[in-house]
Amino acid sequence: MRRKNLEQLILDCAYSLFEERGFDQVSVNDICKACDITKPTFYKYVNSKEDLLSYFFQSLTSKIPDDWYRYDDSTNFWEKIVQGYCFFVDHAEKMGIDLYTAVYISNLHLYTGVFNDIPSFKALMIDLIQKAQETGQILNHSKAEDLYDTGTHLSIGYGAYWCFYNDPTVSLRDHFVNGLAQLYETDPALLEDCEKPE
């Protein structure tokens, strides 16, 4: 089996087991058994069970649709900004509280760069923020890069709060979008029009 295929098999099996049983209840042996591989083979592709968590976020960038990176002057820039942040927020919510909590804890033990910026994504988001400021969709006229960074920290903070609160009925997305709207000082009507991306 080619390296990339085996690596993907390990990720898919691990994620499936984590969803089914919870991160702490799954061992490396469980993952090896599900993949029909040995422990040395597992460690050839992955440094630790915790390292698997960073892959779940790193792989997300490849799932952002190409057309999201395109826009013109008729674009609702606020909606596009929310969609951008929510690619990550919705992914966290889909992972579930247990697995997302494990991501946080793992990243605190050993910084793995899970929450690092993706340069092309960041550049586009900053441009969208500037356009939204120019068109009056965002009334906060702080530097666009500062607003982007603050929005990113806000999403991480709301994610941590969501994990600590530990209530699956609470919508991480709703809390984050409302907080972002207040931070960016947007028109509430624009917020009501912003739907969840597919």
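Student: Hi! Where is Lys49 found, relative to helix 3 and helix 4?

Tutor: Hello! In this predicted model, Lys49 sits in the loop that links helix 3 (39-45) to helix 4 (51-58).

Student: And is Lys49 buried or exposed?

Tutor: Its relative accessibility is 12%, so Lys49 counts as buried; the cut-off for that class is under 20%.

Student: Which residues is Lys49 in contact with, leaving aside neighbours within four places in sequence?

Tutor: Lys49 touches Phe18, Phe23, Asp24, Val26, Val28, Ile31 and Phe42.

Student: Let's zoom out. How many helices and strands does the protein chain have?

Tutor: There are 10 helices and zero strands. Read from the N terminus, the order of elements is α-α-α-α-α-α-α-α-α-α.

Student: What share of the residues is buried?

Tutor: Of the 198 residues in the protein chain, 47% are buried. The chain exposes about 10,800 Å², and 50% of that comes from carbon and sulfur atoms.

Student: What about contacts across the sequence, say between residues at least 24 apart?

Tutor: Taking contacts between residues at least 6 apart in sequence, 69% join residues at least 24 apart.

Student: On to packing. At what angle do helix 5 and helix 7 pack?

Tutor: Helix 5 (residues 77-95) and helix 7 (residues 119-134) meet at about 150°, and their axes are 8 Å apart. That angle makes helix 5 roughly antiparallel to helix 7, because angles over 145 degrees fall in that class.

Student: Is the crossing of helix 5 and helix 7 left-handed or right-handed?

Tutor: Helix 5 passes helix 7 in a left-handed crossing. On the helix 5 side, the contact uses Phe77, Lys80, Ile81, Gly84, Tyr85 and Phe88. Helix 7 brings Phe121, Met125, Leu128, Ile129, Lys131 and Ala132.

Student: How do those contact residues of helix 5 and helix 7 divide?

Tutor: Nine are nonpolar, one is polar and two are charged.

Student: Now helix 8 and helix 9: how do they pack?

Tutor: Helix 8 (residues 144-165) and helix 9 (residues 172-184) pack at about 150°, with axes 10 Å apart. Their crossing is right-handed. From helix 8, the contact residues include Leu147, Gly151, Tyr158 and Trp162, and among those of helix 9 are His175, Phe176, Gly179 and Leu183.

Student: How many nonpolar, polar and charged residues are in the contact of helix 8 with helix 9?

Tutor: That contact has 10 nonpolar residues, six polar and no charged.

Technical notes
Residues are numbered from 1 along each chain as its sequence is written. This is a predicted model: local features need pLDDT of at least 70, side-chain atom pairs count only at pLDDT 80 or more; totals for chains, interfaces and linings use all residues. Side-chain values use heavy atoms; hydrogens and water are left out. Axes are lines fitted to C-alpha atoms, for helices over the stretch in contact, and angles run from 0 to 180 degrees between N-to-C directions. Helices (H or I, at least four residues) and strands (E, at least two) are DSSP runs, numbered from the N terminus. A crossing is left-handed if the near helix is turned anticlockwise from the far one by less than a right angle, and right-handed if clockwise. Contact means heavy atoms within 4.5 Å. Ala, Val, Leu, Ile, Met, Phe, Trp, Tyr, Cys and Pro count as nonpolar, Asp, Glu, Lys and Arg as charged, and the others, Gly among them, as polar. Angles under 35 degrees count as roughly parallel, over 145 as roughly antiparallel, 65 to 115 as roughly perpendicular and the rest as oblique. Buried means under 20% relative accessible area, exposed over 50%, partly exposed in between (1.4 Å probe, protein chains only). Accessible areas come from the Shrake-Rupley method with a 1.4 Å probe; for residues, only the protein chains shown count as cover.
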